[in-house]
Amino acid sequence: MEPVEINAGAYYLRAMRDDPRLDDRPRLLAGFDDPVSRHFLPHIKVHDLESAGHYIAERAKNWAEETRFSWAVAEPTTGLFMGEVLLKDLDLDRGTAEAGCWAHPEGRGKGMTTTAVAAMLRFGFGALGLREVRWVHRPDNTASARVGAKVGFTPLSDTDNGDIVLILRNAAVDADGK
């Protein structure tokens, strides 16, 4: 599947880019170099422009394979990269996924992530027909907990490693009983 753009009102969701017209690599690098991002996303290894380019290429490959749909959250008039929202562990046959997000330091505390995640979920439930989406966060990630609660996720369980798991089910599917 080709990446889909989503109008999220104050922001728009688009594919990450590394081309002559729009280069998200410097913002990715700065975002992942931030202490908050390093704390909550230690598994992400973006340490220079080349690795940022690989990150963007991997996201494009995930779209083609339909295993992860990832969007850059962008400022609508300049295209400036502000963060990322994504549906990972995507299983279109079962209608399940896990939602995730992170924000560039300049995008935090403005409601941007909540707006973008809500738009992404509408796409997931509407266009993709997802039945349920999980939201997993560490107990000390209060920002992630707030976003999950604001978009309607409800507690499901804790994991063995202490992460908190929330769930959101597609109300349209639940109403149809399918």
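**The chain as a whole**

The structure is a predicted model, and its chain holds six helices and eight strands. Followed along the sequence, these elements come in the pattern β-β-α-α-α-β-β-β-α-β-α-β-β-α. The radius of gyration is 16 Å, close to the 16 Å that the globule rule gives for 178 residues, so the chain is as compact as a globular protein of that length. Of the contacts between residues at least 6 apart in sequence, 58% join residues that are at least 24 apart. Some overall values for the chain are gathered here.

| Property of the chain | Value |
|---|---|
| Span of the C-alpha trace along the principal axes | about 50 × 35 × 30 Å |
| Radius of gyration | 16 Å |
| Share of the 178 residues that are buried | 44% |

**The largest pocket**

The largest pocket has a volume of about 920 Å³. Its lining is made up of 39 residues, of which Phe40, Cys101, Trp102, Asn141 and Ser144 are the closest to the centre of the pocket. Several elements give two or more residues to this lining, namely the helices α2 (35–40), α3 (49–65), α4 and α5 (142–150), together with the strands β4 (81–91), β5 and β6 (132–137). Strand β5 gives the most, with six residues. By residue type, the lining of the largest pocket divides into 17 nonpolar, 11 polar and 11 charged residues.

Because 11 of the 15 residues of α4 are buried, the helix is largely enclosed by the rest of the structure. Among these buried residues of α4 are Met112, Val117, Met120, Leu121, Phe123 and Phe125, and also Gly124.

Where does histidine 104 lie? Histidine 104 is found in the loop between β5 (96–103) and α4. With a relative accessible area of 5%, histidine 104 falls under the 20% cut-off and therefore counts as buried. When its neighbours within four places in sequence are left aside, histidine 104 is in contact with Arg27, Ala30, Gly31, Met82 and Gly83.

How values were computed
Residues numbered from 1 in each chain as written. Predicted model: local features only at pLDDT ≥ 70, side-chain atom pairs only at ≥ 80, totals over all residues. Heavy atoms only, no water. Buried < 20%, exposed > 50% of the residue type's maximum accessible area, 1.4 Å probe, protein only. Helix = DSSP H or I, 4+ residues; strand = E, 2+ residues; numbered from the N terminus. Contact = heavy atoms within 4.5 Å. 1 Å grid on protein atoms, 1.4 Å probe; cavity = no way out; pocket = protein on both sides within 12 Å on 5 of 7 lines; lining within 4 Å. Points joined across faces, edges and corners; volume = space filled by probe spheres on them. Nonpolar A, V, L, I, M, F, W, Y, C, P; charged D, E, K, R; others polar. Rg over C-alpha atoms; globule rule 2.2 N^0.38 Å.
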